[in-house]
Amino acid sequence: MNRIALRKWTLSLFAAVSVIGLTACGTSSSSPQAATPSPEVAPQTNNQPAEPVPAKVEGTLSFYTSQPDADAAALIDGFAKKHPEVKVELFRSGTEEVISRLQAEAQAGQVKADVLLVADAPTFASLKKQDLLMPYNSPEAEQIPAELKDADGSYTGTKVMATVLAVNTQKVSTLPDSWKVLTALEAAGKGVMPSPLYSGAAAYNLGVFTRQSEFGWNYFEGLKANQMTVSKGNGAVLKSVAGGEKEYGIVVDYMVARAKQEGSPVELIYPSEGVPVITEPIGILKGAQNPDAAKAFVDFVLSEEGQKLAADLGYTPIRKGIEAPEGLKSLEEIKVLSADIAELEASREADKKKFGEMMGGN
């Protein structure tokens, strides 16, 4: 996998800032479940009370994320309206590269991030196991379904993102309703997927698909035999399908819905077997340099205002009572493919290694 250039922005946030926006970036049983929330964030124990956030927060906040650049900027600008005295320093890349940087900092004893928001729960479960997260039960988290947050407050889902099948409608006349189209003769050499070696969502999807009796590793062998192209992240997949280079793609739902609304010849399909769902959790790093600002940031993301901003950007909100954007299904409408979070976390690196050996990848 070609490593992408890492970019670090410093955004000074003052009272004059006024922007509408919010967030963005692969998330129980081992068989499909119909219209049932997937416990991507496995509930824990030892609930801890939330400490109140001061009325005024200030200083510098270091924010690490895998969200698209524009969505991360919109989230930060939205936060600025409530907390103009905070200067946010942003580092963004694919989930795997963000975590690699974080791990390197941890090994050096110099973790710089205050807040982390990346693709999936197994990533946060691993960080929690390493004692790198600070528990914080945000009062706003009370409106988040229990199965989609860590009860210790170490991390909380921020949105609902399903991985779907994207199709170029100028190239494909009959829309499929099954993932198995990607292993069919008609799709030979015409499919593209994100790499689990780069994308956290793709790594989660790999773990989930390979633990379904209907798919397993045999499915990926079929993708290999059918000349599936492995690209970087979800953005590269969508670009390939929307541009007509490929006819079929595995990609997160909001990207396809957004491209369709902008006029691209694409359609998103929730296959009949079900879809993996991630919740792009948010958490505070243990030893955060500015814990008050970090808590305020988490509160904003989970608040009604923050969740409405997420919907405005085209994401399905995770907070109860806020509707999904046009073109997307709510969690209650989705047939979810899931797997045990602890198992996914424990096997993640082995799964990625096997995938790399089987499929090749950057």
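Analyst: Exposed means a relative accessible area over 50%, buried means under 20%, and partly exposed is in between, using a 1.4 Å probe and protein chains only. The model is predicted: local features need pLDDT of at least 70, side-chain atom pairs count only at pLDDT 80 or more, and totals for chains, interfaces and linings use all residues. Residues are numbered from 1 along each chain as its sequence is written, and side-chain values use heavy atoms, with hydrogens and water left out.

The part to look at is the pairing of α5 with α10. Helices (H or I, at least four residues) and strands (E, at least two) are DSSP runs, numbered from the N terminus. Helix α5 spans residues 216-225 and helix α10 spans residues 341-359. Their axes come within 10 Å and cross at roughly 30°. α5 is therefore roughly parallel to α10. Axes here are lines fitted to C-alpha atoms, for helices over the stretch in contact, and angles run from 0 to 180 degrees between N-to-C directions. Angles under 35 degrees count as roughly parallel, over 145 as roughly antiparallel, 65 to 115 as roughly perpendicular and the rest as oblique. The α5/α10 crossing is right-handed. In a right-handed crossing the near helix is turned clockwise from the far one by less than a right angle; anticlockwise makes it left-handed.

Which residues meet? From α5 come Trp217, Phe220, Glu221, Leu223 and Lys224; from α10 come Asp351, Lys354, Phe355, Met358 and Met359. Contact means heavy atoms within 4.5 Å. Six of the residues in the α5 contact with α10 are nonpolar, none is polar and four are charged. Nonpolar covers Ala, Val, Leu, Ile, Met, Phe, Trp, Tyr, Cys and Pro; charged covers Asp, Glu, Lys and Arg; the others, Gly among them, are polar.

Take Asp351 next. Asp351 forms a salt bridge with Arg211, with the closest N and O atoms 3.0 Å apart. This pair links distant parts of the chain: Asp351 sits in helix α10 and Arg211 in the loop between α4 and α5, 140 residues apart. A salt bridge is a side-chain nitrogen of Lys or Arg within 4 Å of a carboxyl oxygen of Asp or Glu. Side chains of opposite charge can pair when their charged atoms come close. Asp351 is buried at 8% relative accessible area. Arg211 is buried too, at 18%. Salt bridges with shared partners also join Glu96, Asp120, Arg348, Glu349 and Lys352 into one network.

Lys180 forms a salt bridge with Glu214, the closest N and O atoms being 3.5 Å apart. Lys180 is partly exposed at 40%, and Glu214 is partly exposed at 39%.

Beyond α5 comes Gln227, in the loop between α5 and β8 (229-231). Gln227 has a phi near 65°, a positive value in a residue other than glycine. Most residues other than glycine have a negative phi. At 54% relative accessibility, Gln227 is exposed.

Now back to α10, which is among the elements covering α3. Seven of the nine residues of α3 are buried. They are Ala121, Pro122, Thr123, Phe124, Ala125, Ser126 and Leu127. Their cover also includes α2 (95-107), β4 (115-117), β5, α4 and β12 (282-285). Just after α3, Asp131 takes a positive phi of about 60°.

Asp152 pairs with Lys128, the closest N and O atoms being 2.9 Å apart. Lys128 is in helix α3 and Asp152 in the loop between β5 (133-134) and β6 (159-168), so the pair ties together parts that are 24 residues apart in sequence. Asp152 is buried at 11%, while Lys128 is partly exposed at 21%. In total, the count comes to 20 salt bridges.

One last stop concerns β12, part of that cover around α3. Glu280 lies in the loop between β11 (275-278) and β12. Glu280 has a positive phi near 40° and is buried, at 0% relative accessibility.
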